[in-house]
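Here is a short report for a reader meeting this protein for the first time. Please look over the sequence and the model before reading on.

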Amino acid sequence: MNSFLFFQLGMAALVVLLAPLQADSLLPLKNSNFEAGKSGWTDDKGSSEVVADAARKGSGGLRVDDGDVVNYVRVISESVSVIPGKNYRLSVAARQNSGHGANAILWFLDEEGELIPAADDQRLLVGPPEDEDTSWREFSVAGVAPANAVSAQVYIQSNRVAVGVIDFDEIRLEQVD
Ligand SMILES: [Ca+2]
Ligand SMILES: [Ca+2]
């Protein structure tokens, strides 16, 4: 057997070995740990910040500081490709320093880049409940990409009437089956 053929067979074996691992895989969400400031995220209100005090891990975390009862904070990830019919899980670490009402939402987008309305109006939303716990906690939610989905985005946002200071870090988006 010549060495090139041997190399090809070796690569084929490697592909076969890697294939099962891709069934439960992390999607390439840019700067998902806020270690590079807000790079990869769009803060369309300009009212969040990445600071060391908001880090659960590493040197940066996203601080959502909403002091306004008629406005909200919204920070949007870049989009990542998804496969219709596959199940995706969004996981976040969050800590509510004060107040309530900030969440991370997993949205699926169609080929026009438009958000696909959630089935039965049940958004794929995670965040701290309205309690007095100010420690870091992990939350996750999963949902199936609709037939017309081509990509997904994570929105981290507070709501209009709520006020509070809530930190987010370690955002993970995985294809789980
Ligand atoms: Ca971090
Ligand atoms: Ca608000």
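## Ground rules

This is a predicted model, in which local features need pLDDT of at least 70, side-chain atom pairs count only at pLDDT 80 or more, and totals for chains, interfaces and linings use all residues. Residues are numbered from 1 along each chain as its sequence is written, while chains are lettered from A and ligands numbered from 1 in the order in which they are written.

## Overall make-up

The protein has 1 helix and 12 strands. Helices (H or I, at least four residues) and strands (E, at least two) are DSSP runs, numbered from the N terminus. The order from the N terminus is α-β-β-β-β-β-β-β-β-β-β-β-β.

The protein holds 177 residues, and 29% of them count as buried. A residue is buried if 20 or more other C-beta atoms lie within 10 Å of its own, exposed if 12 or fewer, and partly exposed in between, with C-beta atoms placed from the backbone. Two residues are in contact if their C-beta atoms, placed from the backbone, lie within 7 Å. Take the contacts between residues at least 6 apart in sequence: 78% of these join residues at least 24 apart.

## Strand β8

Two strands pair if DSSP finds at least two bridges between them. β8 pairs with β11 (residues 151–158) in the antiparallel sense, over 8 bridges. There, alanine 104 stands opposite isoleucine 156. β8 also pairs with β9 (residues 124–126), again antiparallel, over 3 bridges. Leucine 106 has leucine 124 of β9 as its bridge partner.

## Strand β12

β12 has several antiparallel pairings. With β7 it forms 10 bridges, and arginine 95 stands opposite aspartate 167 of β12. With β4 it forms 5 bridges, and leucine 62 has phenylalanine 168 as its bridge partner in β12. With β1 (residues 25–26) it forms 2 bridges, and leucine 26 is partnered by glutamate 174.

## The core

A nonpolar core is a set of buried Ala, Val, Leu, Ile, Met, Phe, Trp, Tyr and Cys residues joined through C-beta atoms within 7 Å. The largest one has 34 residues, and Ala104 and Phe168 touch the most other members. β4 (61–66), β7 (87–99), β8, β9, β11 and β12 (164–175) each supply at least two residues of this core. β8 gives the most, with 7 residues.

Which residues does phenylalanine 168 contact, leaving aside its neighbours within four places in sequence? They are Gly61, Leu62, Val64, Val92, Ala94, Ala104 and Ile156.

## A loop residue

Leucine 115 lies in the loop between β8 and β9. Is leucine 115 buried or exposed? Leucine 115 counts as exposed because it has 12 C-beta neighbours inside 10 Å.

Leucine 115 touches Trp107 and Leu109, not counting residues up to four places away in sequence. Alanine 149 is 34 residues from leucine 115 in sequence, and their C-alpha atoms are 9.0 Å apart in space.
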